[in-house]
Amino acid sequence: MWQAPPAPVSREWLPVLDMPAAAAQNRWTVLLRALLLIPQFVVVWALSVVAFFVTVIGWFGALVLGRLPGFVVDYLTAFVPYETRVTAYLMLTVDRYPPFAFHAPDYPVQVGLRPGALNRLAVLFRIVLVIPASIVQGLVYAGWWMVAFVVWVVVLVLGRMPQPLYEATTAILRYRLRYEAYLVMLSSAYPKRLFGDEPGSEPDGPVSATRPLVLSGAGRGLLVVFILLGVVSWTTSSVTASVDSDDDDSGNPTRHVDAPLVPGPADGPQRNLPGRS
């Protein structure tokens with residue numbers, strides 16, 4: 001009988017996320033999840049400020065060297081997994097509290113990164129090249145948070161995350177990891193495979209519940225729902241901002257008189273930095 005050939009294995013190495021299968025969780029830790037994470041939020045914020053300046057230094061270094069300087073690699077390969085562990089706990093995929101440590105080999109959430117040689121041209125235009133991936137991860141992440149309360153109630157009642165929801169959530173986590181790794185130049189591989197991997201994509205067999213990350217039809221459907229909700233969220237925010245801006249203009253008639261007296265636009269452009277959640 002004819003059999004389909006095995007799925008081809010891509011030679012491009014992508015950052016990996018290893019996580020255990022969905023398991024029972026302590027309802028008390030689920031109930032108080034946001035409060036428990038307050039100290040971690042403070043730490044992640046402080047570390048992210050340092051990461052920003054380290055990344056800027058790394059960008060100049062990569063343009064000259066064709067790779068990140070050693071100290072930049074050391075810091076970012078510690079920071080990105082740290083933030084991923086906190087986010088995984090926040091999004092209710094694991095029940096074990098993330099440690100206050102850069103290296104946590106015993107923690108259920110493990111991140112694999114392989115910094116290496118970089119294309120200088122891709123480094124030069126990195127902030128432009130990453131825009132499509134930034135939009136994708138922003139939409140699906142915003143969509144998840146639009147129903148975060150519902151997810152919290154479901155996990156609180158059941159004492160665990162349902163499998164399709166777990167698949168979709170870990171897919172978001174993995175894509176965000178790949179997006180951040182590409183943004184800070186820890187990976188030259190563009191973020192991809194939001195909707196999971198093909199069966200057999202790991203040549204030596206499954207490594208963890210998320211490697212390979214094979215999504216069911218329900219898991220893929222939830223990702224589509226999250227993307228649509230993200231579009232709704234962004235559209236609503238844009239409309240609200242536009243209405244508020246119009247109201248401010250109508251309530252301040254001198255605004256239209258004063259603006260031409262200074263060079264440049266009356267309101268400077270505002271831009272949100274991607275990936276800090």
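The largest cavity of this predicted model has a volume of about 60 Å³, where a cavity is a set of points on a 1 Å grid over the protein atoms alone at which a 1.4 Å probe fits but cannot get out, and where a volume is the space filled by probe spheres set on the points, the points being joined across faces, edges and corners. The count comes to 1 cavity of 30 Å³ or more. Local features need pLDDT of at least 70 and side-chain atom pairs pLDDT 80 or more, whereas totals for chains, interfaces and linings use all residues. Residues are numbered from 1 along each chain as its sequence is written, and side-chain values use heavy atoms, with hydrogens and water left out.

The lining of the largest cavity, meaning residues with an atom within 4 Å of a point, consists of Glu83, Thr84, Thr87, Leu173, Arg176, Leu177 and Glu180. Two or more of these residues come from each of helix H4 (70-90) and helix H9 (163-183), helices being DSSP runs of H or I with at least four residues, numbered from the N terminus. H9 gives the most to this lining, with 4 residues.

In H4, 17 of the 21 residues are buried (under 20% relative accessible area, with a 1.4 Å probe and protein chains only), so this helix is largely enclosed by the rest of the structure. H4 is followed by leucine 92, whose phi is positive, near 70°.

Aromatic pairs, in which ring centres of Phe, Tyr or Trp (its six-membered ring) lie within 6.5 Å, number 11. Among them, tyrosine 75 and phenylalanine 79 are stacked (planes under 30 degrees apart), at 6.3 Å centre to centre and 5° between the planes. Both residues lie in H4, 4 residues apart, about one turn of the helix, and both are buried. Tryptophan 144 and tryptophan 145 form an edge-to-face pair (planes over 60 degrees apart), with 5.0 Å centre to centre and 75° between the planes.

Notes
On a 1 Å grid over the protein atoms alone, a cavity is a set of points where a 1.4 Å probe fits but cannot get out, and a pocket is an open set with protein on both sides within 12 Å along at least five of seven lines; lining residues have an atom within 4 Å of a point. Buried means under 20% relative accessible area, exposed over 50%, partly exposed in between (1.4 Å probe, protein chains only).
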